[in-house]
Each structure stands twice: as C-alpha cells, then as structure tokens.
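This report describes how two protein chains are arranged and how some of their parts are joined. Please keep the sequence and the structure in view while reading.

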Number of protein chains: 2
Amino acid sequence: MSLSPELSARLKRNADGLIAAVVVDHATSDVLMMAWMNDDALEATLTTRRGTYWSRSRQELWVKGETSGHVQHVREVRIDCDGDTVLLRVDQTGPACHTGTRTCFDTDERLLLAEEGAR
Amino acid sequence: MSLSPELSARLKRNADGLIAAVVVDHATSDVLMMAWMNDDALEATLTTRRGTYWSRSRQELWVKGETSGHVQHVREVRIDCDGDTVLLRVDQTGPACHTGTRTCFDTDERLLLAEEGAR
C-alpha cells in the first residue's frame, strides 16, 4: 500500500521526508505526545487505525505500543493548512509516554511557565 | 535576555536549532496550530506571555498576531519528556490560522480519516 497521489501531493515534508504528528487523547482532549511520520507511517495509521510513526533514533517504522502494549486506536486524523502536521485523536491504552507518565508533558519539572497567580 | 543555562541544556534542538511548539486553546483544549521556536522565541514567549515563534519561511522571529491582531496570551508552557517539543495553552484572539479558520485543522477537506460510523 502507498499513499494516494492526491494526499501525497498535499504533504509538505521536511528535509528528512517527515511530517509532524500531534496526538490527542480522544476522551480528555489532552495532548499526549508529538511524533513524526513518513509516508509509510501515515499510510499505515490511516489503513490500520493503529498509531504508527517513524522513529528518528532507530530509523524504522514504529507501531506505538508494539512492545509495551500501550497502543493507540486512532479515531480521527486531520491535516493542517500547510500540510506539514497531522492531528490524531486516539484512544490510548496505558501511558502514552515512554517514561510511564500519562502524557509526555506531565510532571512538575516539565512545567516551564505556570499560570499567573498559580503556585 | 537569553534562556537560562539550565533550560537551554534541556532543549533537544533539530538541525536548524528549532523545537516544535504545539499550541492549545485554553478554553476549549482544541489544538490550534503547530509552529517552531528557536531559543529567542522560547525566551520571548516565557517572558512576555505573547506566543512568539520562528518563521522558517521568513527566517525571522514572529510575534503571532503582530500584523493580524490575532495574538495569543500564553497561560502555561510545558516541555516534553525528551525536550524537543513545548506545549502552550493560550487565550487566542480571533482565528489562529492564517487562512481565517479557528484552528489550522478545521474545514472538511483537512479531515483525512473520520471516526468509524461517521459520515
């Protein structure tokens, strides 16, 4: 399988051939993680509804949760105005972050700027 | 002003010296847009609470809404587990997208995969 020529033509890939993928929890609307996709990862995500990405460190296709069990069932995929980012709404099994937190943005030390008036 | 050495050391910049910025509407939790930041953009965002990015096309610092008036007041900034993405919660004035839509992911033609059972 490969992407349709129509969709392929809409993608604005970076120098490494990748687009960004922002992943949101369908139930809570919390942003869970940011990852990267090449054409094959996007095609796999669209056809299997399993969150599938490109691992820049391992340089391979990466089905999220394949080893951890923390899979993502993809409810919806949208592309942005200039074609370099997709937005996924998913049902996340277990924590989304490889550190074990629910999202990749949790924990106090990941807070850089708190709301005014908040402690 | 420049970033604190401690924060600077946590950033995992790409080959162009940039990190990704995911921007969420504080009121609705909708993802509004994806943009890029260099160190100066992050520092400006943290100190002024105005959403400030790096324009890759114009190769310059870009205070969102400076010309359109569609500014962002930044409520909260978080960084992710591996330091290459920040998550902003903002109060968005006007549409976030330069095409005039509320978010960069709105409109029917930006929907790539609809929810099962949906039209």
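## Terms and basis

Two strands are said to pair if DSSP finds at least two bridges between them. Strands (E, at least two residues) and helices (H or I, at least four) are DSSP runs, numbered from the N terminus.

This is a predicted model, in which local features need pLDDT of at least 70 and side-chain atom pairs count only at pLDDT 80 or more, while totals for chains, interfaces and linings use all residues. Residues are numbered from 1 along each chain as its sequence is written, chains are lettered from A and ligands numbered from 1 in the order in which they are written, and side-chain values use heavy atoms, with hydrogens and water left out.

## Two related copies

Two copies of a chain are related by a rotation about an axis and a shift along it. Here, chain A is superposed on chain B by a rotation of 180° with 0.0 Å of shift along the axis, and the RMSD is 0.0 Å. The two copies are therefore related as by a two-fold rotation axis. Such copies are superposed by least squares on the C-alpha atoms of residues with pLDDT of at least 70 in both.

Which residue of chain A comes closest to the rotation axis? This residue is A:S29, whose C-alpha lies at 3.1 Å. The copies meet through the same surface, because 100% of the interface residues of chain A are also interface residues in chain B. Contact here means heavy atoms within 4.5 Å.

## Strands β5 and β6 of chain B

β5(B) and β6(B) pair in the antiparallel sense over seven bridges. Within this pairing, B:H73 stands opposite B:D91 in β6(B). The hairpin of the two strands has five residues between them, and B:G83 takes a positive phi near 75° there.

β5(B) is also joined to the other chain: two bridges link it to β7(A), and these strands run antiparallel. The bridge partner of A:L113 in β5(B) is B:V77. Seven of the eight residues of β5(B) are buried, so this strand is largely enclosed by the rest of the structure. Buried means under 20% relative accessible area, exposed over 50%, and partly exposed in between (1.4 Å probe, protein chains only).

## Helix α2 and the residue after it

Helix α2 of chain A covers residues 39-48, and its buried residues include A:A41, A:L42 and A:L46. The helix is followed by A:R49, which has a positive phi near 60°.

## Salt bridges

Side chains of opposite charge can pair when their charged atoms come close. A salt bridge is a side-chain nitrogen of Lys or Arg within 4 Å of a carboxyl oxygen of Asp or Glu. Over all chains, the structure holds 17 salt bridges.

One of them joins B:R49 to A:E116, with the closest N and O atoms 3.8 Å apart. This pair crosses between chains, from the loop between α2 and β3 of chain B to the segment after β7 of chain A. B:R49 counts as buried at 13% relative accessibility, whereas A:E116 is partly exposed at 46%.

Another salt bridge brings together B:D91 and B:R75 (2.9 Å, N to O). The pair links distant parts of the chain, with B:D91 in β6 and B:R75 in β5, 16 residues apart. B:D91 is partly exposed, at 27% relative accessible area. Salt bridges that share partners also join A:R75, A:D91 and B:E115 into one network.
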